[in-house]
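Me: I have a model open and would like to go through it with you. Could we take it piece by piece, beginning with a single pair of residues?

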Amino acid sequence: MKINKQSGLIENAIITLSPNYDKRPDQHDLSGIVIHNISLPPGEFGDTFIDDLFLNKLDCSAHPYFEQLDGLKVSSHILIRRNGEVVQFVPFHQRAWHAGVSQWQGREKCNDFTIGIELEGCDDKPFAEVQYTELVQVIKALCHAYPKLTYEKITGHEHIAPGRKTDPGPYFDWQKLTTMLKREK
């Protein structure tokens, strides 16, 4: 897996650009990775609802849960589906709207300096093995392309927005990710 630094896109990813992004205050300050989980509706996988949400095309009448999402404008840089498919919604040098009100390592507004990676999943089910494999490859490519990123600068949404967010949740295996990344060094 390789990143085209000029375009900010991962080669071989499915590129589906979201309108929900803007310019980073400092395009060169990519100094953290935030891992999330998402499923729409919660606990259901394999539909296009996540893409629709990030593209502002979600039919909020399609499911009762979606009513609360009406008018929401969010995005993430990357989505890794349960089957391992990698979809990119925002170029890395742009600011995706994934973290919301957040603070990490003494800095607020984590969208300004982090890359958001969504895993198709939820807080109460294990993630697929192939998602960890692809996550490691994405992280490896990011750290190679952007020197301020390291394997140690990875956190969860729950850590930067405690009390407000719970993802990637208790089923995300941080130890597995750490072990797999160590093998990549």
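Reply: Gladly: Leu 79 stands opposite Val 87 in β7, and β6 and strand β7 (residues 86-88) pair in the antiparallel sense over three bridges. Strands here are DSSP runs of E with at least two residues, helices are runs of H or I with at least four, and both are numbered from the N terminus; two strands pair if DSSP finds at least two bridges between them.

Me: Before I go on, what kind of model is this, and how are residues numbered?

Reply: This is a predicted model, in which local features need pLDDT of at least 70 and side-chain atom pairs count only at pLDDT 80 or more, while totals for chains, interfaces and linings use all residues. Residues are numbered from 1 along each chain as its sequence is written, and side-chain values use heavy atoms, with hydrogens and water left out.

Me: OK, back to the sheet. What is the strand order?

Reply: The order is β3-β7-β6-β11-β5-β12, which makes an open sheet of six strands with mixed pairing. β3 (14-15) and β12 (154-156) stand at the edges with a single partner strand each, so one side of each is left without a neighbour in the sheet.

Me: And how does β11 pair with β5 and β6?

Reply: Strand β5 (residues 32-38) pairs with β11 in the parallel sense over seven bridges, and Ile 33 has Ile 115 as its bridge partner in β11. Strand β6 (residues 78-80) also pairs with β11 in the parallel sense, over three bridges, with Ile 117 of β11 as the bridge partner of Ile 78.

Me: Is β11 covered on one face or on both faces?

Reply: Both faces are covered, with Thr 114, Gly 116, Glu 118 and Glu 120 buried on one side and Ile 115, Ile 117 and Leu 119 buried on the other. Seven of the seven residues of β11 (residues 114-120) are buried, where buried means under 20% relative accessible area, exposed means over 50% and partly exposed lies in between, with a 1.4 Å probe and protein chains only.

Me: Which strands does α2 lie across?

Reply: Helix α2 (residues 129-145) lies across β5, β6, β7, β11 and β12, and runs at about 165° to β11. Angles run from 0 to 180 degrees between N-to-C directions, and axes are lines fitted to C-alpha atoms, for helices over the stretch in contact; contact means heavy atoms within 4.5 Å.

Me: Which residues of that helix are buried?

Reply: The buried residues of α2 include Tyr 132, Leu 135, Val 136, Ile 139, Leu 142 and Cys 143. As background, an α-helix has 3.6 residues a turn, so residues three or four places apart point the same way.

Me: What about α4?

Reply: Helix α4 (residues 174-184) lies across β5 and β12, running at about 165° to β12.

Me: Why does Arg 95 count as buried?

Reply: Arg 95 counts as buried because its relative accessibility is 18%. Arg 95 lies in strand β8 (residues 94-96), and, leaving out residues up to four places away in sequence, the residues it touches include Tyr 21, Arg 24, Pro 25, Val 90 and Asn 111.

Me: Where is Val 90, then?

Reply: Val 90 is in the loop between β7 and β8, and this residue is buried with a relative accessible area of 0%.

Me: One more arginine: what does the side chain of Arg 81 contact?

Reply: It makes a polar contact with the side chain of Asp 51 at 2.8 Å. Arg 81 sits in the loop between β6 and β7 and is buried, with a relative accessible area of 13%. Beyond its neighbours within four places in sequence, Arg 81 is in contact with residues including Val 87, Glu 120 and Gln 131.

Terms used. A polar contact is a pair of N or O atoms within 3.5 Å; within protein, one must be able to donate a hydrogen and the other to accept it, and residues adjacent in sequence count only if both atoms are side-chain atoms.
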